[in-house]
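Please read the following note alongside the sequence and the model.

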Amino acid sequence: MESKPQPNIVSQPVGNHSMITTIGVNPGERGPWSLISSIPNPESDMIGPSPEYLAIAAWAAWTVVTVVGVAYRGKIPLENIEVDFQVEPLERPQTIGFGIKKSITLQGIISESEKVRLERAAAYCPVGQALTKGSISIADEVRWESGEIGVVPFNTEIDQSLYNR
């Protein structure tokens with residue numbers, strides 16, 4: 001019997017307004033780790049952050065990893081880094097989403113050339129690139145219990161005007 005490839009991230013509903021996501025479900029992968037997220041609903045308490053906040057949290061973590069990695073490899077005396085995201089609903093016609101303002105605070109006795117390197121590193125975080133520059137390829141399909149697979153067209157073009165606030 002041929003084994004089917006398994007996804008490495010699985011998300012399933014828990015109740016009406018929450019979901020549990022497990023990362024690293026394949027044998028031999030690191031993990032598994034599980035987290036709970038919730039869809040905001042005025043009629044119930046949230047038991048976890050909303051999915052968009054989890055995406056932004058990943059962006060924040062990768063920004064720190066990227067900047068600290070550049071500082072470490074370049075022997076730049078970075079003493080501390082803090083990444084802060086302000087997230088608010090995006091209210092534009094025919095658009096569902098949210099607006100983001102990212103602020104990074106760096107501490108340390110750092111030369112001008114080192115500052116330039118760290119600023120570039122902050123701008124080239126892999127998750128940030130995927131979310132803002134279209135450097136992501138998405139293949140979306142819906143699998144039905146019957147075995148039928150529906151392919152969902154996905155427009156990967158990013159409307160950059162959405163980021164100009």
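**Note on the predicted model**

1. The second largest pocket takes the largest share of its lining, four residues, from helix α1. Helices and strands here are DSSP runs numbered from the N terminus (helices H or I, at least four residues; strands E, at least two). Helix α1 spans 51-73, and β1, β2, β3 and α1 each supply at least two lining residues.

2. This is a predicted model, in which local features need pLDDT of at least 70 and side-chain atom pairs count only at pLDDT 80 or more, while totals for chains, interfaces and linings use all residues. Residues are numbered from 1 along each chain as its sequence is written, and side-chain values use heavy atoms, with hydrogens and water left out.

3. The volume of the second largest pocket is about 260 Å³. On a 1 Å grid over the protein atoms alone, a pocket is an open set of points where a 1.4 Å probe fits, with protein on both sides within 12 Å along at least five of seven lines; lining residues have an atom within 4 Å of a point. A volume is the space filled by probe spheres set on the points, which are joined across faces, edges and corners.

4. Among the residues lining this pocket are I9, M19, L35 and L54. By class, the lining holds eight nonpolar, three polar and no charged residues. Ala, Val, Leu, Ile, Met, Phe, Trp, Tyr, Cys and Pro count as nonpolar, Asp, Glu, Lys and Arg as charged, and the others, Gly among them, as polar.

5. Three strands form an open antiparallel sheet in the order β1-β2-β3. Because β1 (9-14) and β3 (33-38) stand at the edges with a single partner strand each, one side of each has no neighbour in the sheet. Two strands pair if DSSP finds at least two bridges between them; six bridges join β1 to β2 (residues 18-23). Within this pairing, V10 stands opposite T22.

6. The structure holds one aromatic pair. The ring centres of W59 and F85 lie 4.9 Å apart and the planes meet at 50 degrees, so the pair is tilted (Phe, Tyr and Trp rings, the last by its six-membered ring, pair with centres within 6.5 Å; planes under 30 degrees apart are stacked, over 60 edge-to-face, the rest tilted). W59 lies in helix α1 and F85 in strand β4 (residues 80-89), 26 residues apart.

7. Are these two aromatic residues, W59 and F85, buried or exposed? W59 is buried at 9% relative accessible area, and F85 is buried at 14%. V68, at 37%, is partly exposed (buried means under 20%, exposed over 50%, partly exposed in between; 1.4 Å probe, protein chains only).
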